[in-house]
Every structure is written in structure tokens, then in C-alpha cells.
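Let's go through a model together, one feature at a time. Keep the viewer open while we talk.

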Amino acid sequence: MIRLRPDLAALPAYKQGRIPDTTERVFKLSSNESPHGPLPSVVDAIAAAAAEVNRYPEAAASALADAVAQRHGLTPEHVVFGGGSVESVSQVIRAVAGPGDEVVYAWRSFEAYPLLVVGAGATPVPVPLTEDGRHDLSALRAAITDRTRLVILCTPNNPTGPAIAPSELADFVASIPDDVAVLIDEAYLHFQRGLDADPGVALLRRHPNVIVAHTFSKAHGLAGLRVGYALADPQVAETLRKVAMPFAVTTLAQVAALASLAAQDELDERVRGIVAERTRVTDALAADGWRLPDSQTNFIWFGLGEDTLAANEVFARHGLIVRAFPGEGLRVTIAEPEASEAILAAAAELAASGLTNGLRAGERAQA
């Protein structure tokens with residue numbers, strides 16, 4: 001048998017959110033997908049391009065690079081594409097870190113981070129979140145050593161939801177050594193309050209060691225086409241291209257992303273609808289005594305600890321497939337209003353059965 005890397009034996013594989021059986025009447029709230037299909041103009045663009053899939057895509061994605069660069073006030077030389085932002089994150093890790101190097105990130109955060117770090121041969125350095133699900137910036141700063149090559153900040157954070165305040169983000173980046181890369185993963189940026197917020201790009205303009213990752217999977221509703229991008233100093237971007245998977249962004253993905261950017265007003269309206277639904281659900285949960293992290297994403301986080309798996313069964317009985325992190329909590333995507341009603345009903349059952357890990361007002365004091 002071939003010799004496999006021994007350091008991969010204990011590494012858990014990435015686990016996709018459960019896909020519902022076609023016979024089930026359920027809401028799939030486990031993968032933070034948009035409840036909406038692509039915009040009509042995007043569907044038309046995909047259909048028109050489908051006849052050309054016998055040809056390789058343009059590797060540089062020039063038209064899309066021009067549009068993305070214009071959107072952020074940068075140049076196409078700043079833009080590097082990948083198969084979703086997870087591939088952009090992988091490019092960054094492989095470009096800056098290898099054996100003997102360390103990559104620092106908050107935990108729990110996006111579960112692909114440790115997989116990608118170990119896959120690159122580097123050493124992951126997870127730093128616990130604060131009790132309210134936020135990045136502990138002081139602890140992250142203290143974890144940096146002379147072996148650190150990269151710090152990853154997921155803001156808003158997956159799976160807990162809070163965002164790093166722009167002023168705190170700026171102070172953190174300013175305090176980091178110039179030879180340490182800072183990757184700001186903004187996969188959920190669209191759902192932050194203030195749709196015009198672009199804190200990562202503002203820092204990139206001032207700090208060449210800052211790299212920003214975005215995706216078309218979430219707000220744009222193109223998760224199945226896999227297109228994301230990194231924004232970086234042109235010299236850094238050139239190195240990212242050297243480790244990028246050739247032809248990772250298909251022609252269909254390119255034309256769909258370009259059409260979605262051109263329909264920004266329609267997209268913003270959809271995002272506002274999801275944010276409004278998130279507010280409705282979180283306000284209702286707060287009124288019922290739940291104390292959850294301040295989500296700036298399209299999902300909410302129930303930090304249920306040892307109650308997680310039992311609570312997952314309650315959500316399942318209400319026709320909801322959610323993402324369970326055993327021993328930690330449940331991540332629940334905001335989707336259709338009907339799904340929201342089921343979320344509230346499941347939360348009420350949790351409260352009645354005591355499966356709340358003290359997340360409701362007064363429970364800790366009564367314990």
C-alpha cells in the first residue's frame with residue numbers, strides 16, 4: 001500500500017450539510033445557501049453560455065475581473081479567482097505557509113481552515129472565540145510568533161455570526177508585523193448592516209499584507225457554480241495565481257457572476273429581505289428570552305454545548321435540517337418565512353424541554 005501522510009490520519013474530513021431525501025418535506029438550513037434561485041437575468045446568461053461548455057473557460061476571467069475590480073475601486077491585477085472563496089483561502093495558505101510555518105485563526109470558525117492549513121503542510125493555531133462568539137483579537141495577536149505566516153479573520157464569523165467592528169479590524173491589522181499576511185474572509189459581507197460596507201478592501205489599500213476573500217455562493221445564490229475571488233496587492237496576487245487550480249472557474253460560473261454583478265439593485269433587494277427575516281427571527285427569539293450572538297450573516301447560532309445533538313433532533317422533528325457541531329452548537333440558516341416559523345416552534349420546544357444550555361434569560365441564575 002502507498003505511504004500516506006501520517007499527519008492527515010487524525011484530521012476530520014470536511015462535512016457537507018445534510019442533503020434532504022427527495023421524499024421528505026423539509027427545509028435545508030444546514031449550508032447557508034440562498035433560499036432564492038439565481039436572478040432571472042443570471043439564468044438567461046447561464047442558458048446562453050451552456051452551448052459553449054465544450055470549450056475551456058478563459059483562465060484569466062478577464063471580463064469578470066474588470067467588473068469585480070471596478071466594483072471595489074481596484075485594478076484587475078488585484079483580482080484572483082477560485083472555485084468559491086474556499087479555494088481562494090487555499091491559494092493564500094499555500095502561497096505563504098508550508099512545513100514549519102504557523103497559521104493563526106479564531107475557533108470555532110470556518111471548518112475548512114484547519115483542513116487547508118494541514119493540507120499545505122503548515123501548523124494550525126486555533127484561538128478560542130469569546131463567550132459571545134466573537135474573535136478575541138488580543139488573544140489572536142498574542143498567538144503570533146516568529147513562525148506565523150498568516151492570520152485568518154472570518155468576519156462576519158461562520159458559524160457564530162458576529163462581525164469585527166471596522167475600527168477594531170483596522171487597529172488589529174496595524175498591530176501585525178508587515179511580513180505576516182492577514183486574510184480577511186468576508187464570505188457573508190453582504191448581510192452586514194450597511195450594504196455598502198467594504199472594510200477589508202479599505203484596509204487592503206493601506207496595507208499590502210492584507211488579502212480579502214469574497215464569494216458568489218451566498219448572497220448571489222451561485223453556490224452550485226463555485227466562483228469566488230481574492231483581492232490582494234498585485235505582487236501578492238501574482239503569486240496566488242501560481243498556486244491557483246487551472247480553469248477552476250468555469251465559463252458558466254464566469255458569465256453567471258458577471259450577470260449577477262450587473263443586477264446589483266435586484267440582488268440588494270433580495271439581501272435586504274433576508275436581513276429583515278433574520279431580524280424578525282432574532283427579535284422573536286430575544287423576546288422569548290434567548291440570548292444568541294449578534295448575527296451579521298444569513299444564519300443564527302445556538303451555542304447549545306452538550307445539548308446540541310438532542311436539540312438537533314428537535315429541529316429535525318420540525319422539518320428542519322440544520323448544521324450540528326457536536327458539543328458546541330447548531331447553525332441555522334435564515335431562509336423562507338415558513339422555515340422561520342418552524343425555527344421559532346423548534347426553539348419554543350427546546351425551551352419547554354430545557355435543552356437550552358442556559359441561553360435563555362434567567363436560566364443561569366436559576367441553575
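Predicted model: local features only at pLDDT ≥ 70, side-chain atom pairs only at ≥ 80, totals over all residues.

Q: Let's begin with two helices. At what angle do H2 and H9 pack, and how far apart are their axes?

A: Start with the angle, then the distance. Helix H2 (residues 62-72) and helix H9 (residues 251-262) pack at about 30°, and their axes are 9 Å apart. Angles under 35 degrees count as roughly parallel, so H2 is roughly parallel to H9. As for handedness, H2 passes H9 in a left-handed crossing.

Q: Which residues meet in that contact of H2 with H9?

A: Here's the general idea: an α-helix has 3.6 residues a turn, so residues three or four places apart point the same way. Now the case at hand: from H2 come Ala63, Leu64, Ala67, Val68 and Arg71, and they meet Gln254, Ala257, Leu258 and Leu261 in H9. By class, the residues of this contact split into 7 nonpolar, 1 polar and 1 charged.

Q: Which residues of H2 are buried, and what do they pack against?

A: Buried means under 20% relative accessible area. In H2, that gives Leu64, Ala65, Ala67, Val68, Ala69 and His72. Their packing partners are strand E2 (79-82), helix H7 (199-206), strand E7 (210-215), strand E8 (228-231) and H9.

Q: How many residues does the largest nonpolar core have, and which have the most contacts inside it?

A: Think of a core as buried nonpolar side chains linked by contacts. The largest one here has 86 residues, with Phe302 and Phe315 having the most contacts inside it. Helix H12 (residues 337-353) gives the most to this core, 8 residues. Another core, of 25 residues, lies apart from it and includes Val89, Phe110, Val117 and Ala213.

Q: On to the backbone. Which peptide bonds are cis?

A: Omega is the angle to check. A cis peptide bond joins Trp107 and Arg108, with omega about 15°. Arg108 sits in the loop between strand E3 (102-107) and helix H4 (112-119). The bond from Asn158 to Pro159 is cis too, and its omega is near 25°. You'll find Pro159 in the loop between strand E5 (148-154) and helix H6 (166-175).

Q: And phi? Where do Asn32 and Ala61 lie, and are they buried or exposed?

A: Asn32 isn't a glycine, although its phi is positive, about 55°. Asn32 lies in the loop between strand E1 (27-29) and helix H1 (40-49), and is buried at a relative accessible area of 1%. Ala61 has a positive phi near 45°, again in a residue other than glycine. Ala61 lies in the loop between H1 and H2 and counts as buried, at 1% relative accessibility. After H2 comes Gly73, with a positive phi near 70°.

Methods:
Residues numbered from 1 in each chain as written. Heavy atoms only, no water. Axes fitted to C-alpha atoms, helices over the stretch in contact; angles between N-to-C directions. Helix = DSSP H or I, 4+ residues; strand = E, 2+ residues; numbered from the N terminus. Parallel < 35°, antiparallel > 145°, perpendicular 65-115°, else oblique. Left-handed = near helix turned anticlockwise from the far one by under 90°. Contact = heavy atoms within 4.5 Å. Nonpolar A, V, L, I, M, F, W, Y, C, P; charged D, E, K, R; others polar. Core = buried A, V, L, I, M, F, W, Y, C linked by side-chain atoms within 4.5 Å. Buried < 20%, exposed > 50% of the residue type's maximum accessible area, 1.4 Å probe, protein only.
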